Amino acid sequence: MKESSRDSAPLSVDERYTQWKSLVPVLYDWLANHNLVWPSLSCRWGPQLEQATYKNRQRLYLSEQTDGSVPNTLVIANCEVVKPRVAAAEHISEFNEESRSPFVKKYKTIIHPGEVNRIRELPQDSKIVATHTDSPEVLIWNVETQANRHAVLGVAPSRPDLTLTGHKDNAEFALAMCPTEPFVLSGGKDKCVILWSIHDHVASLAAEAASNVKQGTKAGGNGEKTIEGPSIGPRGIYKGHKETVEDVQFCPSSVHEFCSVGDDSCLILWDARLGSTPAFKVEKAHNGDLHCVDWSPHDINFILTGSADNTVHMFDRRKFTNGAAGSPVYKFEGHDAAVLCVQWCPDKSSVFGSAAEDGIVNIWDHEKVGKKSDSAGPKVPDAPPGLFFRHAGHRDKVVDFNWNASDPWTIVSVSDDCGSTGGGGTLQIWRMIDLIYRPEDEVLAELDKYRSHIMGCNNT
């Protein structure tokens, strides 16, 4: 993608967006743009429901962060994901920014007690999700058995299927589900990381939820909320941070190992088998608050962190030895504002994405760092090492994105547009054209095949 030279004046948000939209038919295999009345602070893919010839139907978990005139909600949507090389290039850029996409349909609304800051699905059963709100509790929901509610002012909140207690102060963002066992991890303003096992409760959630459908939680007219129903306390409480814990993540291969980052600029690795104190602590992982962390599902030695210092760092835990400072093996500098979300790509081990307050989702490949391309194609001037794609379809801060494990190279991203348009948000589902990420020799061979075909047509 062509980028402006650093010597020229930087593009305004509107100029950047106009330039991006003109390039959509060239850069994307498919894109859907969906206007949101209320911003969603989190977006997650749920289970795939159906496979058809040209598209797949899949659950999508979103939220609505309202101004109080209507309740905050957890939204379950059905999404039609168009398959690769199906959408016509000239059609995918023909969308109205103020319209809703025909590919995204609201399926169910759950009245949430408080705003939904974070959504995480249980890998073993993705109809079970956890949410963080502006309270100390973590709420567990069976989204399939929860009743569909109408969001009107004064209505009682839906009742969570399970409440996880243990935080002494609000826990708003740091939330993770274990890939191998039904364990939940959370961090909060109390500077603690807390671990729960919901193993004994997962099987009974469906039956519990069915019996609770008609039992709404009492809510006062002043917006106060009470959460009733079953609750469990922590399996472990881990102390090592000096400020708010902003994000947590499990090691993909171990239920005992996890990591956390916080406003104290620290990255901490934990091992529950060793007790409640840090297994290793990187004191100065960034020059600013840490907002996000992700542990590679492909190579458990690699951990990504994103920070208010606008950068993404990649750490190799094999270099975490006693007495070592724990310096990153790579630093990725391609954002102009705080990085809010990082996530490894499920389809290629060296690829990951980062989203930031600058409205950009960057896609990186750490294997490209330090390597020179042999192709004779045009080079992007001043492109940061490792960066190979920039999604500039949002016009305000991108608060979350999620790779689709069921549809390769397909991403959902959401922006909170209150700063630019005065309200609402934008949901985009997109997949870059495969010529960008496929092996270079494979791409050149395909293009050469088409060139021969076109030359043949011209000679007839």
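Student: Which strands does helix α1 lie across, and at what angle does the helix run to β1?

Tutor: Happy to! Keep in mind that this is a predicted model. Helix α1, made of residues 13–27, lies across β1 and β29, and its direction makes an angle of about 140° with β1.

Now for the sheet itself. β1 belongs to an open sheet of 4 strands, ordered β1-β29-β28-β27, with antiparallel pairing. β1 (28–36) and β27 (398–403) are the edge strands; each has a single partner, so one side of each has no neighbour in the sheet. From one strand to the next, the twist averages 15°. In general, strands of a sheet pair through backbone hydrogen bonds, in either a parallel or an antiparallel way.

β29 covers residues 425–432, and the two strands pair in the antiparallel sense over 8 bridges.

With a cut-off of 2.5 Å between sulfur atoms, the count is 0 disulfides. Take Cys-178: its closest cysteine sulfur, in Cys-251, is 8.9 Å away, which is too far for a bond. Cys-178 counts as buried because its relative accessibility is 0%. Cys-341 is in no disulfide either, with the nearest cysteine sulfur, that of Cys-292, at 6.1 Å. Cys-341 has 10% relative accessibility, so this residue also counts as buried.

Notes:
Residues are numbered from 1 along each chain as its sequence is written. This is a predicted model: local features need pLDDT of at least 70, side-chain atom pairs count only at pLDDT 80 or more; totals for chains, interfaces and linings use all residues. Side-chain values use heavy atoms; hydrogens and water are left out. Two strands pair if DSSP finds at least two bridges between them. Axes are lines fitted to C-alpha atoms, for helices over the stretch in contact, and angles run from 0 to 180 degrees between N-to-C directions. Contact means heavy atoms within 4.5 Å. Buried means under 20% relative accessible area, exposed over 50%, partly exposed in between (1.4 Å probe, protein chains only).
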